[in-house]
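Dear colleague,

I am passing on the model we talked about, with notes on a sheet and a helix pair. Please look through the structure first and then compare it with what follows.

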Amino acid sequence: VSLNRIGQENYFNFITKAADIVSQSTGLFGLFAFGSSRTSISTLSTTNYSSIDSSIANIPTQFDIDTEYGNVVAASVTNAISEFSSITGRQKYHIIFSAGFPLFSDFGSSTRLNNYDNPCTNAPSSKQQNIQTFVVLYGEEGKDFVKGSYSCLVEDPDTDIIIVDPTDTDASLAAISELLCKSDGFDVKITEVNPVGQTGGYQAYIEGINRGMEASIRACFSGGCSGYITVPTGEYFVAYDSTSNGNIPISSHSITGLGSSNGNTGWVATLEINGYSSPIDTVTYGGSGSSGVSDWQIVNPLKTYELRGVGYNNQYGANWRQSCDTGSPGTAPVSACTTTANSCLQTDIDCTINGATASPKCGLPNSDYCACDIDGVFMSDYDSCIKMPLPTNCRGYIVNDPSFSDEFLVLEWDRAEWDGDIEYAVSYLSVSGTSIEFTGEMSSIVIKGYAPYTSTNAQDYADLKVNYIAPVSGSQYSATADITCPVITQTPTKSPTAEPTANPIMDPTGGPTPAPSHDEPGVYIDDICNVARCDCFEENRNCCTPFGSNLPSTGSCEQQIKYIEILSSNTEDYQEEIAFRLYPDSYTAETIVYYQLTAYGQFNYTDIANETTLATISPRENITNTLKIFVDPIGSKNVYYGNTTIVDGDSFATLTLDINANDLMCDEDNCEIALFDECVEQTLLFKLNTIKCDVDDGKGCIIMYPSTIWISVFRSKTFCQTIFPPNTSGSELPSYLWWVIIALIVFAIIMGCLIYRFWTKQKQTVKEIGDVEDDLINEVNIIEQGIAKDLDRGDIMFNNLATGVPNYTRAMDPAGNILHERQGREENQFAHVDAEVFQVRQHFGPQPTDNSIHTRTQQPTVQQQQPQAPMNSGFAYTQYPYPTPTQNNRGSKSKSNSNSQ
């Protein structure tokens with residue numbers, strides 16, 4: 001509407017001129033449209049800046065501007081984060097041009113001003129990535145837009161939002177040039193200060209980042225300046241006092257010579273460029289932004305002052321926290337400190353140093369944060385209690401929407417001097433009483449069905465409460481701003497007052513009102529707990545509203561989780577419905593419910609086990625979906641905005657989630673996810689926020705608890721088992737069990753070797769004993785049989801012991817009884833030697849009467865009883881004959897001659 005009033009051609013001509021100022025001869029450029037289509041016209045890869053002009057000029061021919069009724073500024077922020085994610089070593093400028101309020105686009109063919117889009121959801125992430133955002137608003141403030149709708153996006157709303165007067169655009173172009181080009185392109189910023197060197201910590205230092213062109217930079221305390229050091233674009237540097245106590249703050253770009261400060265709470269730090277007489281950046285402890293209120297904290301010993309995000313406004317005291325450890329010189333600030341168990345119990349930590357009370361001192365169970373009392377002033381920070389920043393000014397406008405002949409009340413306030421996550425809750429007077437709405441981080445709200453602003457209700461016309469989620473603990477802290485919201489433009493009378501009734505009716509009306517009048521209706525998410533509104537069942541409408549406040553009589557205001565388990569029978573086109581229900585139950589009127597569905601990514605169940613862990617979860621920057629579960633309507637988007645209508649006569653409307661989980665495949669050779677465990681133990685996580693509701697009868701509508709739920713979508717274990725073949729599903733064994741199995745196998749092998757070795761040794765020993773026994777038996781057998789055991793068989797055998805044959809002159813012939821037939825040459829001459837020979841005869845059994853040596857004699861009785869020794873085939877024996885033992889001493893003593901040669 002405002003664009004048509006201003007003129008489309010004038011608007012795009014102005015953007016083209018501004019692009020010429022912003023663009024340089026070298027660099028990367030991109031162009032993105034965020035109307036209903038949210039289209040990327042040119043990605044951040046264009047190097048020919050002249051093509052940007054033609055791309056802007058062609059926008060009216062590419063889109064039907066009359067149907068591009070949306071103004072989804074949030075989409076432009078998400079796109080900038082994505083485009084700049086891989087850019088390093090350069091300035092990152094994101095410039096938003098707009099001519100109206102941020103508006104949703106998914107409403108058929110048009111949208112009202114109160115269908116506002118919250119552009120602030122990803123603003124903290126954008127600043128932490130050092131993306132410098134500037135907003136150029138074309139039109140009239142308070143009529144076409146308000147700055148409060150955009151203030152969350154920029155670092156300093158006073159300088160980084162430019163309002164363009166359509167009648168004098170040249171002045172605005174000059175302001176854009178001065179703002180973006182800065183002083184010859186130099187842009188340096190202080191990000192960490194250690195004002196006093198400390199033993200056990202670091203020497204005194206100032207850390208900064210060079211966000212502009214390469215420059216020669218120095219840092220200064222009141223006691224003196226360091227030397228100059230050349231720092232490239234996008235890199236950090238450190239200047240330190242080498243004479244102070246502590247360790248040297250090492251950095252890739254560091255310089256000494258820094259003078260002393262005025263102590264822990266009186267320092268002033270500056271950064272200067274060589275050749276310039278005035279500092280480029282100055283931070284004064286205890287200072288403030290435009291609010292004039294100081295929200296600085298005092299850091300504990302061995303801590304430094306550290307900016308929470310590189311793109312956060314360093315003039316806001318609450319944006320400075322005490323460092324996570326003893327400091328991080330030369331590195332970018334982290335968005336969240338890593339907690340350490342019992343860190344709060346250290347003697348150096350004083351949770352009350354800033355004036356808060358903490359009883360007990362530390363939060364349980366890990367004692368890793370200060371347990372600050374919920375008093376409406378302080379909140380818990382990293383091992384500290386800090387003051388909650390609050391808005392300081394508020395104002396209202398009456399804005400006309402000619403498309404619908406509607407009038408709206410726009411409330412706008414100066415944002416709290418805090419760039420982190422925050423939520424504003426606005427209570428205001430409506431036609432049906434007091435209403436409450438939440439705007440997230442956005443510092444404005446557009447209201448339909450407002451009560452007229454008068455001098456009598458001015459003090460109570462609107463109240464503003466600020467909600468913070470504390471780091472580490474995840475607890476919600478709330479504080480109320482002590483401000484009023486005067487309405488600048490009064491509501492005009494739409495038509496003359498009708499003439500008075502000439503003859504008033506004196507009798508009362510004929511009958512009572514056919515239907516009871518209700519208080520302001522509300523909407524909540526149903527079918528999450530066993531009873532409606534969970535712990536707020538049968539409580540008043542303000543139960544747990546704002547979230548964490550107005551606790552129920554029993555129970556608490558917990559964040560609810562809806563678990564959606566996908567069975568093997570529901571693999572495709574499975575639908576799950578979430579109901580938005582009207583309150584009270586008897587109320588009926590057409591009501592539009594607006595919601596935001598945010599994809600957080602893939603998590604383990606342990607990550608979402610309880611409210612404390614959920615409070616610390618942030619959306620994943622690069623969302624992966626290895627589970628191959630697809631949920632519509634969000635699809636592949638990070639954020640989806642939608643609405644559903646409760647038709648007149650119905651009590652609820654639904655959001656339908658279409659789920660498809662049939663794309664995950666796994667066979668014996670290839671699985672799309674690494675482990676069976678991943679399929680079973682991981683889930684896709686979404687967050688559903690009810691943003692606002694509009695009732696068609698002109699009454700206000702409040703968002704009631706539960707207004708926010710988490711949605712966990714996962715496959716059942718049985719489903720996962722059908723995907724994985726048996727040999728892959730076996731991998732679900734715990735990893736440590738494989739080590740136990742391997743250890744048992746090695747132990748079994750060692751025991752087998754030892755047993756085999758023992759067995760073979762025993763076997764060898766037994767064999768050797770058996771062989772010895774066999775030899776003994778064989779020798780005994782030979783001994784008992786005697787030398788001439790075969791004398792009864794055949795001829796006389798040769799006696800090996802004899803040295804000759806008596807009475808024979810020839811050699812002994814083994815031929816036996818034919819010796820006399822064989823005569824040989826005498827070879828030996830015998831010497832007659834007297835020798836005594838004992839002849840002993842063994843007698844076994846009865847003596848034979850026949851002395852013939854040819855007659856077979858009966859085997860001795862003893863010899864028959866002697867067992868035969870087994871023949872040994874394993875050894876070769878040499879038998880040595882020796883005299884046979886005798887049983888009788890009878891014998892003859894005779895002399896014999898032995899011949900020896």
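Strands β29 (residues 591-604) and β31 run antiparallel and are joined by eight bridges. Within this pairing, valine 593 stands opposite threonine 644 of β31. Please keep in mind that the model is predicted.

Both strands belong to an open sheet of five strands, and its order is β27-β35-β33-β29-β31. The pairing in the sheet is mixed. At the edges are β27 (560-566) and β31 (639-646), each of which pairs on one side only. On average, neighbouring strands of the sheet are turned by 25 degrees against each other, with direction ignored.

The other item is a helix pair. Helix α2 (residues 8-22) packs with helix α8 (residues 169-181) at an angle of about 30 degrees, and the two axes are 10 Å apart. Angles under 35 degrees count as roughly parallel, so α2 and α8 are roughly parallel to each other. The crossing of α2 past α8 is right-handed.

As for the residues involved, α2 contributes Phe14, Lys17, Ala18, Ile21 and Val22. On the α8 side they meet Thr169, Ser172, Leu173, Ile176, Ser177, Leu180 and Cys181. By type, the residues of the contact of α2 with α8 comprise eight nonpolar, three polar and one charged.

Regards

Methods: Residues are numbered from 1 along each chain as its sequence is written. This is a predicted model: local features need pLDDT of at least 70, side-chain atom pairs count only at pLDDT 80 or more; totals for chains, interfaces and linings use all residues. Side-chain values use heavy atoms; hydrogens and water are left out. Axes are lines fitted to C-alpha atoms, for helices over the stretch in contact, and angles run from 0 to 180 degrees between N-to-C directions. Helices (H or I, at least four residues) and strands (E, at least two) are DSSP runs, numbered from the N terminus. Angles under 35 degrees count as roughly parallel, over 145 as roughly antiparallel, 65 to 115 as roughly perpendicular and the rest as oblique. A crossing is left-handed if the near helix is turned anticlockwise from the far one by less than a right angle, and right-handed if clockwise. Contact means heavy atoms within 4.5 Å. Ala, Val, Leu, Ile, Met, Phe, Trp, Tyr, Cys and Pro count as nonpolar, Asp, Glu, Lys and Arg as charged, and the others, Gly among them, as polar. Two strands pair if DSSP finds at least two bridges between them.
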